[in-house]
Amino acid sequence: MIKKAFLVLVMMGLVKATFSATPQALLMGYEALSSKASSARGEQFFNAKHGKEWSCASCHENPPNHDTKHIVTGKVIKPLSPNTNPERFVDQAKADKWFKRNCNDVLARECTAQEKADVLAWLMTVK
Ligand code: HEC
């Protein structure tokens, strides 16, 4: 019984190791699908409105290095910068899920790989 539980734990660890990433690895992936990231472009993109009511900063603020509030629900959002929140950008599926959702809210379309690369490159500089 104990042995079985141990095995399950080991397997969960393996699954986690397979699916967890780093901000650097995600950035390289987005750059591979576009071209070299520009953190200056990323900062501008993050703080600008794109024809709709909100910018990324509407919920994540600028700099996104502290707890913020969702502009609609008022729920706390943890810092987006991976420097202040080590749980950011360590899971490709999670990052892509939220990029998709938030980009749709802000731009009425998905973000391009270049836009994701730029934003992530900038977030990695936010202390
Ligand atoms: C209406 C509020 C809102 C806006 C506007 C918004 N976000 Fe978010 N964002 C959230 C919430 C809520 C989460 C998920 C909760 C969490 O992870 O703290 C999130 C999570 C994320 C994540 C997940 C990161 C990770 O790996 O944990 C990324 C990436 C992200 N947002 C990028 C953006 C970008 C880029 C924009 C602008 C295009 C943007 N967000 C605009 C509310 C917002």
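Let me start with helix H2: its buried residues pack against H5 and H6. This is a predicted model, so please keep that in mind for everything that follows.

Which residues of H2 are buried? They are Leu26, Leu27 and Tyr30. These three cover an arc of only 100 degrees around the axis, so they sit on the same side of H2. The face of H2 turned away from the buried side carries exposed residues, namely Gln24, Ala25 and Ala32.

Now the chain as a whole. It has six helices and two strands. Reading from the N terminus, the order of elements is α-α-α-α-β-β-α-α. The C-alpha trace spans about 60 × 35 × 30 Å along its principal axes. There are 127 residues in the chain, and 22% of them count as buried. If we take the contacts with a separation of 6 or more, 60% of them are between residues 24 or more positions apart.

Next, H3. Here the buried residues are Gly42, Glu43, Phe45 and Phe46. Their arc around the axis is only 165 degrees, which puts them on the same side of H3. What do the buried residues of H3 pack against? Their partners are H4 and H6.

H6 brings us to the core. The largest nonpolar core has 16 residues, and those touching the most other members are Leu27, Ala117, Val119, Leu120 and Ala121. Helix H2 (23-32), helix H3 (39-47) and helix H6 (113-123) each supply at least two residues of this core. The largest share, six residues, comes from H6. As background, nonpolar side chains tend to be buried together in soluble globular proteins.

Ala117 is worth a look on the screen. Leaving out residues up to four places away in sequence, Ala117 touches Leu27, Tyr30, Glu31, Ser34 and Ala37.

On to the ligand. How many residues are around it, and which come nearest? There are 22, and Cys56, Cys59, Ala95, Trp98 and Asn102 come nearest. By type, the shell divides into 14 nonpolar, four polar and four charged residues. Helix H4 (57-60) and helix H5 (92-107) each supply at least two residues of the shell. H5 gives the largest share, with eight residues.

Where is Asn83? It lies in the loop between strand S2 (76-77) and H5. Is Asn83 buried or partly exposed? It is partly exposed, because 15 other C-beta atoms lie within 10 Å. Not counting residues up to four places away in sequence, Asn83 touches Val126 and Lys127. Compare that with Arg101: Asn83 and Arg101 are 18 residues apart in sequence, and their C-alpha atoms are 23 Å apart in space.

Notes. Residues numbered from 1 in each chain as written. Predicted model: local features only at pLDDT ≥ 70, side-chain atom pairs only at ≥ 80, totals over all residues. Near = placed C-beta within 6 Å. Helix = DSSP H or I, 4+ residues; strand = E, 2+ residues; numbered from the N terminus. Nonpolar A, V, L, I, M, F, W, Y, C, P; charged D, E, K, R; others polar. Core = buried A, V, L, I, M, F, W, Y, C linked by C-beta atoms within 7 Å. Buried ≥ 20, exposed ≤ 12 C-beta atoms within 10 Å, placed from the backbone. Contact = placed C-beta atoms within 7 Å. Arc of directions from axis to C-beta.
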